[in-house]
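Dear colleague,

Please find the structure below, handed over for your use. My findings follow directly after it.

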Amino acid sequence: MIKGKLFVISAPSGAGKTTLLRRVMADITGLTFSISHTTRSPRPGERDGTDYHFFNREQFMAMIEDKMFLEYAEVHDNLYGTSVDAVGLQLQQGLDVILDIDVQGAEILRKIGQPEAIFIFIAPPDLGELESRLRRRGTESEETIQLRLKNAQTEMRAAAGYDYLIINDVLETAEKVLSGIILAERAKAHRLPSGKAMGELFI
Ligand code: ADP
Ligand code: 5GP
């Protein structure tokens, strides 16, 4: 069986990553989302176990102690992490897994050797539009908006280290590009079981 692929997706907060991922995941089968753990409070409408596993710092630190995270990082003053359980089983089942993680988490995954992972960065058209989107979403305090905008400038510098860059200007166009990347990566010939050459499959 073909093992699933990891798609690592990062973006400055407000770039539209969640919106894009919801649309693409509704459209492409065999894709699952890794549900992270976080110490941030739920936003209105967010559900525990669906959007995130919402943990307090003590619970999160206990998971770190127990080495339950594939990666974790402090982002915008909160802890976020991907548990080993959130991805392992699904990959084994041949599902492709989307990891929505920040630039620090992506760097950790590169370092610990996830050579087959595909790294995709989603950027807003410019910082002014990023600020408008964060404000329009209406989920953050003024202080948090300012922190996220400040961090966006550092995060943007990491974009060059990714395999793909998508500018989310017109939503429908960005959605097509993201879907196209996922489908093209799936179609790569080296994904044949145990590296067999195409001809061998027919003998
Ligand atoms: P992120 O997950 O990257 O923090 P969201 O998906 O929550 O961002 O999007 C932030 C806000 O911007 C939301 O209100 C969303 O509806 C809006 N948005 C997303 N993509 C676009 C786009 N291409 N054009 C205009 N608004 C967008
Ligand atoms: P938000 O609070 O807006 O949901 O997410 C804030 C940031 O945390 C985003 O950049 C998001 O990608 C990142 N994030 C979410 N889950 C994880 C995770 O498991 N690990 C890391 N490193 N970052 C995460």
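A polar side-chain atom of Thr82 is placed 3.2 Å from an oxygen atom of ligand 2, a polar contact being a pair of N or O atoms within 3.5 Å (within protein, one must be able to donate a hydrogen and the other to accept it, and residues adjacent in sequence count only if both atoms are side-chain atoms). For Asp100, a polar side-chain atom lies 2.6 Å from an oxygen atom of ligand 2. The side chain of Arg43 has an N or O atom 2.8 Å from an oxygen atom of this ligand. Around ligand 2 there are 18 residues, of which Lys17, Arg40, Tyr52, Tyr80 and Asp100 come nearest; a residue is near a molecule if one of its heavy atoms lies within 4 Å of it.

Please note that this is a predicted model, in which local features need pLDDT of at least 70 and side-chain atom pairs count only at pLDDT 80 or more, while totals for chains, interfaces and linings use all residues. Residues are numbered from 1 along each chain as its sequence is written, chains are lettered from A and ligands numbered from 1 in the order in which they are written, and side-chain values use heavy atoms, with hydrogens and water left out.

As to aromatic rings, those of Phe, Tyr and Trp (its six-membered ring) pair if their centres lie within 6.5 Å; planes under 30 degrees apart count as stacked, over 60 as edge-to-face and the rest as tilted. By this rule the count comes to seven aromatic pairs. Phe60 and Phe69 are stacked, because their ring centres are 4.6 Å apart and their planes at 25°. Phe69 also forms a tilted pair with Tyr72, at 5.9 Å centre to centre and 50° between the planes. Phe60 is buried at 0% relative accessibility (buried means under 20% relative accessible area, exposed over 50%, partly exposed in between, with a 1.4 Å probe and protein chains only). Phe69 is buried at 11%, whereas Tyr72, at 37%, is partly exposed. Ring pairs also join Tyr52, Phe54 and Tyr80 into a cluster.

Arg110 has its charged end over the ring of Phe119, 4.5 Å from the centre, and lies over the face of Tyr162 at 4.8 Å from the ring centre. The criterion is NZ of Lys or CZ of Arg within 6 Å of the ring centre and within 35 degrees of the ring normal.
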